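Here's a quick briefing to read alongside the coordinates.

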Amino acid sequence: MASRSAPNCHLRLEWVYGYRGHQCRNNLYYTAAKEIVYFVAGVGVVYSPREHRQKFYRGHSDDIISLALHPDRVLVATGQVGKEPYICVWDSYTVQTISVLKDIHTHGIACLSFDLEGQRLVSVGLDSKNAICVWDWRKGKMLSMAPGHTDRIFDISWDLYQPNKLVSCGVKHIKFWSLCGNSLTPKRGVFGKAGDLQTILCLACARDELTYSGALSGDVYVWKGVNLIRTIQGAHMAGIFSMNACEEGFATGGRDGCIRLWDLTFKPITVIDLRETDQGYKGLSVRSVCWRGDHILVGTQDSEIFEIVVHERNKPFLIMQGHCEGELWALAVHPTKPLAMTGSDDRSVRIWSLIDHALIARCNMEEPIRCAAVSTDGIHLALGMKDGSLTVLRVRDMTEVVHIKDRKEAIHELKYSPDGTFLAVGSNDSSVDIYGVVQRYKKVGECVGSLSFITHLDWSSDSRYLQTNDGSGKRLFYRIPSGKEVSNKEEMKGVQWASWTCVSGLEVNGIWPKYSESNDINSVDGNFIGQVLVTADDYGIIKLFRYPCLRKGAKFKKYIGHSAHITNVRWSHDYQWVISIGGADHSVFQWKFIPERKLKDSLHIAPQESLADSNSDESDSDQSDVPELDSEIEQETQITYHRQVYKEDLPQLKEQCREKHKSATSKRRVQAPGQSIRLHFVHGYRGFDCRSNLFYTQIGEIVYHVAAVGVIYNRQQNTQRFYLGHDDDILCLAIHPLKDYVATGQVGRDPSIHIWDTDTTKPLSILKGYHQYGVCAVDFSADGKRLASVGIDDSHTIVLWDWKKGEKLSVTRGNKDKIFVVKMNPYMPDKLITAGIKHMKFWRRAGGGLIGRKGYIGPQGKSDTMMCAVYGWTEEMAFSGTSTGDVCIWKDVFLIKTVKAHDGPVFSMHALEKGFVTGGKDGVVALWDDSFERCLKTYAIKRASLAPGSKGLLLEDNPSIRAISLGHGHILVGTKNGEILEVDKSGPITLLVQGHMEGDVWGLATHPHLPICATVSDDKTLRIWDLSPSHCMLAVRKLKKGGRCCCFSPDGKALAVGLNDGSFLIVNADTLEDLVSFHHRKDVISDIRFSPGSGKYLAVASYDSFVDIYNVMSSKRVGICKGATSYITHIDWDLRGLSALFSCSRSSMATYFL
């Protein structure tokens, strides 16, 4: 059986052919290192002309459409399109993210500009109001925001000579903005009589309140303040798309294909007409211009980048080319040479050298091109056209061999047979035509049988068979050249295929995720030698699978860069490269293939830094042979905290009920009683689905949580104090470094995090607004000023807070799988780690976002679920506990070592000054040295080790340990069973607090004479509690099923317990041993009551809608009460024990007499 694990090979982006010139402007600059920065698709490119080398920034998740260069000419800001677009500020040397700005704009970011000092950045959105936003970009903080204009804004710039002034321009307007505090105030430019009101496309600011702007007519408008003072007519013959200011003056570029240089007073210096140069052509339109010294960069509408040396202005050097209008669909590779051929809706076919990274040939056709194929001898290039025609060119000189038009609809796929005899051509007419190559492409056969358009086809190695896929996802086989369909599966069993580019078939079943559409994957290509398959899909993702890929849900490695749908992908002839083409982004990506044997020595190929928001982990392929999850972890992952009604909804629901019944009743409401109750003691600790939530405070008290209560427990006095600010279950707790403040996060539709004082139990800050359903992990920074939190929404959102100000600093999507823990780096406040299901991630803050890298386990490692994590003795060292009992030791993002620590999952870990302490499912506490080389001591949690002063009974030996903390000479331990224990380093263990475990607690009964009570729960335990100052559990008994109700007999000697399976039992109240048991019902026993007095009768209510009456003396059922319309919820006896009152779920009541 083929493996479902991801392949151990890798792709690295080596080159991108193309430049985004359409619908963008001012997006091409020289950096301080004399490199050229621009963008294409979703990739920022830094190109070195001297070394002919590219570097890539891939922090975006969609098309980049705007770019600005920082005044230091090292940092770059780029903005993207999308539903939730964001801005990335990144370093052009390292191509690493510096800051992320998000959560303000919608649809996209049209323009960007830095101020003179480079401290502030202004952005313009693509929303209906074209919002303008000013940022303190290093902090990721918005300083000011204002509606820009009702029509589109094309350019914005800071006035470099007036620090709080900006100018924006667009459709029939120009506005001059003043920034005062957080207020951004505009004044519209006054055109007056000096010029016509028209669309302004670009602008540049100068001294003395002068602003120069380029108009749609080709004129340059000169502004003084907000007034138009003069017009430079005919500066260009058509619209001026770009204007660049530099030390020498100004450069403008227009739709007329001309570059004009101007001095500092905007007097003309020279003009360069690119259309008249050797590389020029009719229709050339300039979209971006950058003038530095004697060099000028020019970007055109048709995706070209020119570099011009001023003193050789008639000889521009073409440094980048790409496809332009329409979509790019056609891709073929040469069978013997490192060449790739592409064809596009721009009607051009191009040949690229994969070694020189250059365009070596180009030919313009009459029709848009949709597919391409090279003959097996490399002589002919066949092109399928959008109009249904077929053209064959000679590769040598791009001259035409033949032109055929047998179809009316687009040719979508074509391939030469391996022996070079035939050419198969699949069209949208739902048929495949077979042409004889040696007969000058005479049609020799036709394959008919598909019910939809042909999408993919492959030849068998012997050229006798053809397989096809069509738009309906159907796979068909044909004999060649007759074109007869093969319906006998046995005939096809031994067929070897020369290539595999079909998306449907047994060999590629595993490439399809669940619930995907049959047209999500656009292209596939198999590498038979490397046994790896590459796919391209509608979401802009390249994936690597093992080949064959037989089983559904196979794991993969994924790579992003294309902004949207990738139309085609192919291996080079020698499998050194993968070539992919983007449909709407017009770009050609060349990926270097790094096979497994080279990957072992390439530690530098760890996952690149990426924005989790962009889902851009370079490899997101958990190994499929990961050990199965431990039963406790599996159980925990199944817990859902989503509720139909949250406690925060209750006030509104009560108000609705009050309004509903206000008119229905005229009775005056009875006044509330004068007495009140006060919370005195809570039995319990939440350990079954939480971890690391138990700490010593500054003065030696113990803080933890249970239900919606934060508890401060004084172990000397056996008393408790409470924080009652939450309105739903608390799920996590962290303590401030000074041990005086605590942060707790709760469940809720809009869940809150409370930071409160353990001394006064008063809230200091409440944080909300960024999580959904609940907060599962929190942690303070080492200086105590920041707080990190993780939500339980689908993306497990991570938020970094300045908690005292209640201000969100950064936010990002954490991981699709559950996160169990977040830990902030004690040495670097901008760094943190998260650990969870099959992942460990290392994060650093970048402005308003967080940049994440998955922990790199190496090609031979196996992904594991991480249950806990801490930092070590340096900022680079981190340690995590796994679900298999290992401790992983990390340096930076690399796993350098694993140590076996426990039998079963390591649920908790605590870092000491010189060492660590761990706790696991095996019920063992282990002390380690500072490098996890040696285990110094272990403590097994056993009943025999309990000290005499314990406040209860241990439910079982070796309970699963969920929390560990050290302080005041002791080790504090929290267990899954709801117990809190204090371990003395010399050995004795004291049980301090305990409670029920997971599930609901429903059954409660108080003793008729003594200060004790009994409880029964879904955790299958019956417990007796002392209500006197000792506050301890007196007795416990395990049950075969969970319980829902219990009741003491009137004399207190017996205790009746109703169970979830319809049975009940009566036990001795002192020993909890069985006296009698019955099982007459199939559904839950909901309530149980002894009759008063002698307790002769026992009423037992069930969800079967019956109440059974038992004679306790004779141990027999003596009656059945029927007639309830729904299940019984409550029972009460009259004082004489002769009648019983029952209530059911539909709020009806009935009285029955014995």
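This is a predicted model: local features need pLDDT of at least 70, side-chain atom pairs count only at pLDDT 80 or more; totals for chains, interfaces and linings use all residues.

- Serine 1105 isn't a glycine, yet its phi is positive, at about 75°.
- You'll find serine 1105 in the loop that runs between β90 (1097-1102) and β91 (1107-1111).
- Alanine 41 is another non-glycine residue with a positive phi, here near 55°.
- That alanine 41 sits in the loop between β3 (36-40) and β4.
- Alanine 41 has a relative accessibility of 2%, so it goes down as buried.

**Cis peptide bonds**

- Isoleucine 480 and proline 481 are linked by a cis peptide bond, with omega at about 10°.
- Look for proline 481 in the loop between β44 (475-479) and α1 (489-492).
- Going from tyrosine 547 to proline 548, the peptide bond is cis as well, and its omega is near -5°.
- Proline 548 belongs to the loop between β47 (541-546) and β48 (557-560).

**The sheet β2-β3-β4-β5**

- An open sheet is built from 4 strands in the order β2-β3-β4-β5, and they pair in antiparallel fashion.
- β2 (29-30) and β5 (53-57) are the edge strands; each has a single partner, so one side of each has no neighbour in the sheet.
- Strand β4 (residues 43-48) is antiparallel to β5, and 5 bridges join the two.
- Within that pairing, valine 45 stands opposite phenylalanine 56 of β5.

**A nonpolar surface patch**

- Leu116, Leu160 and Tyr161 make up a nonpolar patch on the surface.
- Together, Leu116, Leu160 and Tyr161 have about 280 Å² of accessible area.
- One of them, leucine 116, is located in the loop between β10 (107-114) and β11 (120-125).
- Leucine 116 has 46% relative accessibility, so it's classed as partly exposed; exposed would take over 50%.

Note on methods
Residues are numbered from 1 along each chain as its sequence is written. Side-chain values use heavy atoms; hydrogens and water are left out. Two strands pair if DSSP finds at least two bridges between them. Buried means under 20% relative accessible area, exposed over 50%, partly exposed in between (1.4 Å probe, protein chains only). Patches are made of residues with over 30% relative accessible area and no salt bridge: like charges are joined within 9 Å, nonpolar side chains (Val, Leu, Ile, Met, Phe, Trp, Tyr) within 5 Å. Accessible areas come from the Shrake-Rupley method with a 1.4 Å probe; for residues, only the protein chains shown count as cover. A salt bridge is a side-chain nitrogen of Lys or Arg within 4 Å of a carboxyl oxygen of Asp or Glu.
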